[in-house]
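Me: I am new to this structure and would like a close look at a single helix. Please set out what surrounds that helix as well.

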Amino acid sequence: MNETHRRRLAAVWVAFAGVMAYVTVADGITADVGDVLGLLTVALGLGLAYVYYAKPNGMLDFGRSE
């Protein structure tokens with residue numbers, strides 16, 4: 001996977017996390033299951049964006065070189 005493709009995927013995941021954050025906090029944060037799952041989804045989206053952007057320790061190689 002080349003660098004341009006990885007950066008585009010990272011941008012998509014950041015946009016997804018932004019939309020999910022807006023949907024989660026638009027009506028206010030309460031301590032219910034929907035908000036907790038929404039915030040968890042935001043965290044996972046940002047985590048995937050980091051993995052695609054930074055590519056730590058060749059994580060996306062899956063045992064093969066580019």
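Reply: What follows looks at helix α2 and then at the rest of the chain.

This is a predicted model, in which local features need pLDDT of at least 70 and side-chain atom pairs count only at pLDDT 80 or more, while totals for chains, interfaces and linings use all residues. Residues are numbered from 1 along each chain as its sequence is written, and side-chain values use heavy atoms, with hydrogens and water left out.

The protein chain has 2 helices and 0 strands. Both terms refer to DSSP runs numbered from the N terminus: helices are H or I with at least four residues, strands are E with at least two.

Helix α2 covers residues 33-54, which makes 22 residues. From first C-alpha to last, α2 reaches 31 Å, close to the 32 Å expected at 1.5 Å a residue. The expected span is 1.5 Å times one less than the number of residues in the helix. Just after α2 comes Lys55, with a positive phi of about 50 degrees.

The buried residues of α2 are Asp35, Gly38, Val42, Gly45, Ala49, Val51 and Tyr52. Buried means under 20% relative accessible area, exposed over 50%, and partly exposed in between (1.4 Å probe, protein chains only). These buried residues of α2 pack against α1, residues 3-25.

Val25 lies in helix α1. Because its relative accessibility is 38%, Val25 counts as partly exposed. Between Val25 and Gly38, which are 13 residues apart along the chain, the C-alpha atoms are separated by 8.8 Å.

The whole structure holds 1 aromatic pair. The ring centres of Trp13 and Phe16 are 5.6 Å apart and the planes stand at 90 degrees, so the pair is edge-to-face. For such pairs, rings of Phe, Tyr and Trp (its six-membered ring) must have centres within 6.5 Å; planes under 30 degrees apart count as stacked, over 60 as edge-to-face and the rest as tilted. Trp13 and Phe16 are 3 residues apart in helix α1, and are therefore separated by about one helical turn. Trp13 is partly exposed, at a relative accessible area of 25%, and Phe16 is partly exposed at 35%.

For the chain as a whole, 20% of the 66 residues count as buried. Among contacts with a separation of 6 or more, 59% join residues 24 or more positions apart, a contact being heavy atoms within 4.5 Å.
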